[in-house]
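Please open the model in a viewer and keep the selection tool at hand.

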Amino acid sequence: MRYSGFRLFSEGMTGNRGWRPVWRDPEPKPEYDVIIIGGGGHGLATAYYLAREHGLRNVAVLEKGYLGGGNVGRNTTIVRANYFLPGNSEFYSHSLKLWEGLAQELNFNVMHSQRGLINLFHSDGQRDAFARRGNAMINQGDDAILLDREGVREILPYLDFDNARFPIHGGLYHPRGGTARHDAVAWGYARGADARGVDLVQNCEVTGIDISNGRVTGVQTTRGAIRARKVGIVVAGRSGQVAAMAGMRLPIESHILQAFVTEGLKPVIDHVVSFGMGHFYISQSDKGGLVFGGDLDFHASYAQRGNLPMAEHVMEAGMALMPMIGKARVLRSWGGIMDMTPDGSPIIDRTAIEGLHVNCGWCYGGFKAVPGSGFSFAHLLATGRHHAPAARFRLDRFARGDLIDEEGTGSQHNLH
Amino acid sequence: MRITCPLCGARDRREFHYMGDAVYLDRPDPVAPAVAWDDYLHLRDNPAGETRDLWFHEAGCGAWLVVTRNTVSHDVLSVALADGIRGGAG
């Protein structure tokens with residue numbers, strides 16, 4: 001069932017009676033070639049690319065709740081490829097390229113809006129660092145423009161440029177950065193995977209991982225045992241618990257990250273603006289709500305709700321940067337559980353248990369990675385070889401001391 | 001969240017700096033094998049429930065504290081001075 005303007009028109013003329021559910025609700029089969037644990041963005045994308053790129057259709061996605069009910073529905077929807085370090089740079093560049101064709105490919109409007117992203121800087125030293133980052137982005141084949149103060153003023157005239165502590169000296173402009181509709185990405189991948197024969201099994205919690213002679217043989221679930229030759233754990237936010245079922249400890253500490261949205265307003269913020277020194281970033285959703293957030297609450301937590309001190313800090317940073325938003329009323333705030341790794345970079349790798357693979361550690365940057373992560377993880381699961389853009393996201397890099405510390409903040413989980 | 005410092009009494013969470021799991025108190029021997037250092041620096045039990053972690057009373061007495069608390073409810077269960085405690089025990 002394809003979506004098109006014509007279809008929308010004809011359904012509208014006939015009382016919208018022709019729409020049907022876009023994925024099945026299958027019973028789990030006793031055995032699959034590949035089981036993906038976790039029906040979030042990354043898991044659904046993995047299943048989609050397993051079917052589309054590798055012809056693997058005897059695949060199940062097991063989700064303990066409902067599809068897209070985790071962090072893919074709890075983020076601030078920003079899509080960008082402005083990374084600096086080898087390892088991250090090529091991965092996020094690949095992911096952004098997948099984003100750019102995603103709506104056409106999935107025949108599903110993911111509302112990818114390349115409205116441009118500006119990272120502000122406030123000192124000469126920061127300008128140098130951003131110039132270097134911009135050069136790295138350009139060398140990777142992506143886009144970056146170093147704006148001076150007047151350049152920023154031209155596109156973001158509403159900022160307070162003369163803040164006493166952090167006067168704005170300029171910004172690094174990433175025109176291909178932007179936002180997307182978070183739920184639509186999950187739904188689009190789910191629909192595409194289902195159409196290629198993948199079983200999306202909801203309300204099916206994995207309660208155990210079966211291992212025999214160092215090899216994974218299947219999983220135990222609330223809907224019975226299911227056998228599989230390969231299993232992928234894609235449960236960012238709960239990675240530690242699921243890995244523990246296989247007797248593994250991960251280099252992950254879970255932290256809470258808060259986000260906020262205001263009532264709907266007329267269009268006022270046309271870009272994504274990031275104020276790193278104040279720990280604040282903001283964009284405006286297509287419904288008009290200002291969507292913004294800040295930094296971690298900085299202590300290990302699974303609460304899915306934040307603390308007031310960080311909420312207050314984020315509001316203060318927002319007011320310092322753009323006083324015009326002071327009368328907007330906050331409608332909601334929420335917290336997501338972040339898989340924080342000691343270097344702030346993710347993990348896409350096999351494990352010491354044959355057939356068992358992990359995709360985790362996305363810290364607070366998982367949303368933009370959804371297409372690239374699914375593509376690279378599917379490649380690893382199907383071929384047994386690391387996909388080049390994700391080849392450095394190894395589980396053993398910590399033991400080897402080969403960390404990918406994008407922010408250069410040190411080997412501690414909450415510092416990224 | 002409020003933390004009751006053994007020296008200063010109940011104080012706002014903002015007075016404290018969080019470092020990480022109390023396993024940081026179990027520093028391996030400098031010549032311990034790399035696997036021990038990987039375990040110490042990187043790997044975590046990361047429980048959804050009761051945990052023990054290290055906090056520094058930055059805006060108070062400057063003591064390092066071992067805080068036992070619940071990561072799901074944010075309840076603080078007990079607080080002790082880190083001085084003299086080994087991370088893995090008790």
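**First stop: an aspartate in chain A**

In this predicted model, select R176(A) and D143(A): the backbone nitrogen of R176(A) lies 2.9 Å from a polar atom of the D143(A) side chain. To place D143(A) in the fold, display the loop of chain A that runs between α5 (124-139) and β5 (145-148), where this residue is found.

Which residues are in contact with D143(A), leaving aside its neighbours within four places in sequence? Select M137(A), Y173(A), H174(A), P175(A) and R176(A) to show them.

Now turn to the side chain of R176(A). D143(A) is buried and has no salt bridge. The nearest side chain of opposite charge is that of R176(A), at 4.1 Å; a salt bridge requires a side-chain nitrogen of Lys or Arg within 4 Å of a carboxyl oxygen of Asp or Glu.

**Second stop: chain B**

The C-alpha atoms of chain B fill a box of roughly 40 × 25 × 20 Å along the principal axes.

Switch to a surface display. Chain B exposes about 4,500 Å², of which carbon and sulfur atoms supply 53%. Of the 90 residues in chain B, 38% are buried.

Finally, colour chain B by charge. The chain carries 9 positive and 13 negative side chains, and the centres of these two sets are 6 Å apart.

Definitions and conventions: Residues are numbered from 1 along each chain as its sequence is written. Chains are lettered from A and ligands numbered from 1 in the order in which they are written. This is a predicted model: local features need pLDDT of at least 70, side-chain atom pairs count only at pLDDT 80 or more; totals for chains, interfaces and linings use all residues. Side-chain values use heavy atoms; hydrogens and water are left out. Helices (H or I, at least four residues) and strands (E, at least two) are DSSP runs, numbered from the N terminus. Buried means under 20% relative accessible area, exposed over 50%, partly exposed in between (1.4 Å probe, protein chains only). Lys and Arg count as positive and Asp and Glu as negative; His and the chain ends are not counted. A polar contact is a pair of N or O atoms within 3.5 Å; within protein, one must be able to donate a hydrogen and the other to accept it, and residues adjacent in sequence count only if both atoms are side-chain atoms. Contact means heavy atoms within 4.5 Å. Accessible areas come from the Shrake-Rupley method with a 1.4 Å probe; for residues, only the protein chains shown count as cover. The place of a charge is taken as NZ of Lys, CZ of Arg, CG of Asp or CD of Glu.
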